Amino acid sequence: MNARKTKKERVLEGLGVSPGIAIGPPHVTEYGAPTVPEYAIDESQVEPEQVRFKAAVTRSARQIRRLKSRAQAVHGAAGEELGYLLDAYQHMLTGSRLTDGVESRIESKRVNAEAAVQAEISKIARGFANLPDSYMAARADDIREAGARLIRNLTKEPFRAFSMIPAGSVVFTDELSPADTALMDPQRVAGFATASGGAEGHTAIVARSLRIPAVVGVPGLLGDMESVDLVIVDGGAGRVVLNPSAKTRADYERRRTVYLRERQKFAGLRKTPAVTRDDTHIDLSANVELPLEVKFALENGAQGIGLLRTEFMFMNRQTAPNETEQYEILRDMVKGMGGKPVTIRTLDVGGDKRAHSLSELLIGSENPALGLRAIRLSLKYRKLLETQLAAFLRAGAHGPTRILLPMISNVDEVRQVRECLKSVARRLKRRKVRIADPLPPLGVMIEVPGAALAADALATVSDFFAIGTNDLTMYTLAIDRSDEQVAHLFNPLHPALLRLIQFTTQAALRARIPVSVCGEMAGDPRYAALLLGLGVRDLSMASPSLPHVKQRVRNIDLTAATMRAQIIMEQINSDRIAALLDEFNALA
Ligand code: PEP
Ligand code: MG
């Protein structure tokens with residue numbers, strides 16, 4: 001690539017998804033060489049394997065189209081060069097030597113698609129590398145790059161170890177899966193920036209949990225990085241600075257000190273009770289994605305774990321964990337909370353959450369967000385569900401727990417799980433295994449619009465509700481939570497969403513079952529008064545948000561917030577709602 005060598009400061013804008021300021025050398029990783037599984041297939045698998053390969057081609061082509069549309073925002077020679085390169089990738093993926101070669105290799109050699117891609121790539125790249133023209137020889141890298149992307153889309157799980165990068169680096173990459181992010185060590189990775197991704201996607205959620213400053217959806221992020229030796233990621237403002245001048249750097253160092261001091265100050269609120277000005281107690285709990293966060297939850301004064309996402313146990317590994325393995329991990333987390341309640345959710349893979357160990361179960365959805373994900377997957381593969389429930393019941397013998405089901409859309413799903421829970425409990429008791437006694441409450445996520453609208457019916461079969469505003473917003477407004485191109489439309493203040501929250505809360509109050517909000521909305525102090533005004537008394541969020549929300553709660557007068565919520569619910573326009581809420585927040 002003809003990179004323009006310049007040390008001039010450049011500023012790029014994206015979506016700030018995890019606050020904090022990272023200053024350090026960039027560690028640029030594009031779609032690098034992935035781990036390639038290889039195995040033989042029999043004749044009957046040839047066609048399904050070719051279909052799986054075609055799906056990966058379609059996905060790769062779609063990613064490249066998206067990267068191309070973002071490249072148009074990059075001005076000058078770098079943008080032009082990026083455009084050419086992406087054109088070349090696109091060409092490689094459409095009816096070319098590579099794709100034809102892979103399909104016939106799957107058939108003739110009877111190997112899996114990943115192995116066929118790898119072999120074809122090596123063959124074509126060798127041919128290019130031997131060419132006398134240096135420009136053409138350099139295209140071998142492009143071929144490898146296109147192949148690596150295909151393989152990642154086949155394996156669905158990019159294994160990327162960030163443990164090898166120099167401490168203090170800032171990771172720059174085109175896209176980052178939640179599983180990759182979970183592998184990041186906050187002591188080593190100062191921050192990250194990605195070219196794609198939305199604020200409510202799981203990559204962003206994990207970044208916030210790990211307190212790694214992050215900006216996603218940055219157009220032109222990876223263009224012209226050769227001459228860049230220092231970068232700043234401002235996760236609060238959504239800004240990335242390349243080659244900052246001495247003055248900019250000093251300015252950001254100052255801001256970082258102020259930010260860390262603020263964080264320290266907020267940490268002082270740990271033991272302060274979360275009560276409103278008119279003395280109503282609000283339950284503030286933590287969302288937890290990884291075992292190490294139990295410590296963060298307690299440090300930030302969480303009253304419990306309101307949402308323990310169990311997907312981490314299935315990520316970054318080849319096979320699914322068995323009952324004992326899951327039990328031991330969960331037992332330690334429950335014990336770690338020292339008697340505070342822990343709400344454990346069954347597996348929620350699918351959509352933007354992938355898990356390599358389950359990739360075989362997850363293939364074939366044209367539209368994964370609407371496909372076989374979460375509870376649907378658990379009910380289809382009963383063994384998966386039974387193993388999880390057994391592990392949860394056993395962990396429940398070590399402290400108070402609740403069981404939560406993701407993506408519920410009808411009462412029958414809850415009934416089926418309850419039956420399954422009872423039969424697993426009976427089996428464990430027969431074997432004299434110690435389990436939670438009585439059985440933990442069984443609750444449902446309200447995150448599908450249909451579930452919110454049927455909340456009264458669901459309340460008859462559920463012991464509690466947890467409103468997942470991330471998916472509820474996504475499905476209500478038809479906006480992909482991980483797509484930066486529509487991120488500006490992702491608005492929890494849309495009247496439709498607020499009605500669904502209100503409707504669900506009222507249904508729970510009528511049925512006298514607890515209701516919490518555990519989507520990202522709960523962790524933003526801006527929304528606290530509105531949620532409380534709508535009747536919610538229980539919020540669960542990423543631990544770093546706890547002190548901020550607590551401080552806000554302590555300034556809220558519940559009677560006034562309820563009145564303001566009533567006015568807000570009469571509005572038809574989100575801008576007006578935002579103005580009314582901000583005005584209320586500014587008063588106290
Ligand atoms: C949600 O959808 O709001 C939620 C809390 O679940 P997750 O983010 O894990 O999908
Ligand atoms: Mg969800």
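**Notes on a predicted single-chain model**

1. Strand S10 (residues 283-288) is joined to strand S17 by 5 bridges, and the two strands run parallel; strands pair if DSSP finds at least two bridges between them. Within this pair, Asn287 stands opposite Ala542 in S17. For S17 (residues 538-542), 5 of the 5 residues are buried, so the strand is largely enclosed by the rest of the structure. Here buried means under 20% relative accessible area, exposed means over 50%, and partly exposed is in between, with a 1.4 Å probe and protein chains only.

2. Before going further, please keep in mind that this is a predicted model, in which local features need pLDDT of at least 70 and side-chain atom pairs count only at pLDDT 80 or more, while totals for chains, interfaces and linings use all residues. Residues are numbered from 1 along each chain as its sequence is written, chains are lettered from A and ligands numbered from 1 in the order in which they are written, and side-chain values use heavy atoms, with hydrogens and water left out.

3. As an overview, the chain has 22 helices and 17 strands, these being DSSP runs numbered from the N terminus (helices H or I, at least four residues; strands E, at least two). Of the 588 residues in the chain, 56% are buried. Among contacts between residues at least 6 apart in sequence, 71% join residues at least 24 apart, where contact means heavy atoms within 4.5 Å.

4. Some backbone features deserve a careful look, because most residues other than glycine have a negative phi, and most peptide bonds are trans. Arg211, in the loop between H7 and S7, has a positive phi near 60°, and it counts as partly exposed at 23% relative accessibility. Ala478, in the loop between helix H17 (469-477) and helix H18 (495-511), has a positive phi of about 55° and is exposed, with a relative accessible area of 69%. The peptide bond from Asp437 to Pro438 is cis, with omega near 0°, and Pro438 is found in the loop between helix H14 (411-430) and strand S14 (442-446).

5. Glu447 lies in the loop between S14 and helix H15 (449-453). This residue is buried yet has no salt bridge, and the nearest side chain of opposite charge, Arg345, is 4.7 Å away; a salt bridge needs a side-chain nitrogen of Lys or Arg within 4 Å of a carboxyl oxygen of Asp or Glu. For charge, Lys and Arg count as positive and Asp and Glu as negative, while His and the chain ends are not counted. The side chain of Glu447 does reach the backbone nitrogen of Met407 at 2.7 Å. Leaving aside residues up to four places away in sequence, Glu447 touches Pro406, Met407, Gly468, Asp471, Leu472 and Tyr475.

Key. A polar contact is a pair of N or O atoms within 3.5 Å; within protein, one must be able to donate a hydrogen and the other to accept it, and residues adjacent in sequence count only if both atoms are side-chain atoms.
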